[in-house]
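Visitor: Good morning. Could you please guide me through this structure?
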Amino acid sequence: MTSKHLLLCFLFFLSCCHLLLSSSFSFSNSTKICPLGQALALLQFKQSFSIDNSNSSFCSSSYPKTEYWKEGSDCCSWDGVSCDLVTGHVIELDLSCSWLSGTIHSNSTLFRFPHLQRLNLAFNDFSGSSVSAGFEISHLSNLVSLDLSRSRGAEFSQDGLDSLDQNLTKLQKLHLSGISISSVFPNSLLNRSSLISLDLSLCGLHGRFPNNDIHLLKLELLPLWENSNLNGNFPRFNENNSLINLDLSFTNFNGELPLEGVTPSPENENGFSSLSFVRLGYNLFHGTIPSWLYTLPSLVELDLSHNKFIVHIGEFQLDSWDKIDLSINELHGSIPTSIFELVNLSSLKIFSNNLSGVLETSKFEKLFNLTYLDPSNNMLLLTMSVHSNSMLPNIQILDISHNNISGILSWNVGKDTLHYLNLSYNLIISHNKLSGEITPLICKASSMSILDLSSNNFGGMLPHCLGNFGKDLFVLNLRRNQFHGTIPQTFLKGHSIRTLDFNGNQLESQVPRSLINCRELEVLDLGNNKINNTFPHWVGALPKLHVLVLCSNNFHGHIEFSKIKSPFMSLRIIDLAHNDFKGDLPKMYLRSLKAIMNIDEGNVTRRYMGDTYYVRFHSGDDKRVRNGI
């Protein structure tokens, strides 16, 4: 055959292939693989709900998926719908965070999908939906994953939960977080060998957790948190378990943690070998912290806070740890040196124990990733090393209050990241040239939001830069120290300061007029100083000022008539006692104090609080008011 003939044959072959591919593509695009009955069932399900995004606040991304379901189009292309590529049967519905609002009825068309394997309806509003034995849930016998988490208003009756357990025998994932169950723990679920993830947190479970061995070898996630009436001992897991996340926090579990039987050993190499997260906070556990918790090869987070653990903190064997919370227990002794070798540690909370010993700042030099450090309310003596001027470069929250501190002010931490610093209620013993003064270097922590140095023995003059600390600072608390000299005179426009408390020092000079630039100021407490000034009537123009304390100073003269039309409109507390004022208080001030006359006794501490910081020093509750910062 000649080359000419070969070329013609090749061109003919390419032409045929092109026609074949074009016709196949056209055919596949014009064919709807979703059965008509299933499309109609989905549209009926859509029509049984309205659209309301009020329950989507927990979602990082949400939108009304069903709004894009259109009759006449292939339902397998609809948002949230997945089909079997061969049969076209709907096998997955993911309508989480879809703004659905309405009731799921027992005969809902949702139960007409016998091939459905995964159903996710989390974070919608199903008020009035009560899953009971009358629901046609048995039609979904092929489900391997069911997620109804945080579906507002939905609930399971006891027989509804039993029906689910009896009919959905293939379940691997069952997430009912936030669904009202209000029953004893469903023991039968612990016999479901296929389970990989079981989330029954925030469900109102009560009674005693089963005390028998758990033989769910595939189980990886078991969150049971926030079931405050659920009690029992630490669960007994099979030694060959696959558990990754165990969360029993905010329940009523009690007793001692097992000292043996679950710890990895030559005879039991797989015991908790995958466990990464252990959260047992806010319970009634007591006794010692078992040594096996310090040696788990995969553990990165341990929360034993708010229990009654005693004795000392053990030595951590691995450096994979990310978060440790041992706060509010009865632990004593020193902080183990191994903690300072945990180079990946981001959060360390050991506050409110009985820990003691000397803690040198140089020990923190390896903890570059630490963002949260709270050893407050212990008996630690923190000392500064001459080589520790630049520690914890990424720290955001630092609370060393209620301890003994030496030289902390020259410890240059979190220059660009620190936004909460609490050194209150300490005995400052100066071992350096600063002699207990505040170094201007502290102003370089421009991202700080709270600076609390109250109730110490700080002295010297205040750095002028404190008046222009940073746009994010909203609490500056220096009360009960020995500062003298002038109050910083320059407060720039746009300042976010809400609480300014210099009470109980030896400050003098005048009240800085630049405070008029602090339009967010709620609390101004200059009481118990040596300020020599006339009444600062111009602060009446601050629109949000709730508390003004000028008592026990050297204020003098007449309280002049204000040129401001309605001064002190938001003021709730004013204290001018023990000064040298003369004459009468102008009536216009009395008429303007409407916030005082309309005060709501039940809400006053919340409304003039200055973020609770001012109120706590006058209520005697000076610890742990800032939960969650």
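Visitor: Where does the model come from?
Guide: The model is predicted: local features need pLDDT of at least 70, side-chain atom pairs count only at pLDDT 80 or more, and totals for chains, interfaces and linings use all residues. Residues are numbered from 1 along each chain as its sequence is written, and side-chain values use heavy atoms, leaving out hydrogens and water.

Visitor: How many bridges join β15 to β17?
Guide: Three bridges join β17 to strand β15 (residues 252-256), and the two run parallel; strands pair if DSSP finds at least two bridges between them. Gly255 stands opposite Phe285.

Visitor: And which residue of β19 does His286 stand opposite?
Guide: His286 stands opposite Lys308. Two bridges join β17 to β19 (residues 308-309), again in parallel.

Visitor: Turning to helices, which residues of α3 are buried?
Guide: In helix α3 (residues 158-167), they are Gly160, Leu161, Ser163, Leu164 and Asp165. These residues pack against β6 (130-131), β7 (145-147), β8 (155-156) and β9 (173-175), where contact means heavy atoms within 4.5 Å.

Visitor: How many helices and strands does the chain have?
Guide: The chain has seven helices and 40 strands. Of its 629 residues, 50% are buried.

How values were computed:
Helices (H or I, at least four residues) and strands (E, at least two) are DSSP runs, numbered from the N terminus. Buried means under 20% relative accessible area, exposed over 50%, partly exposed in between (1.4 Å probe, protein chains only).
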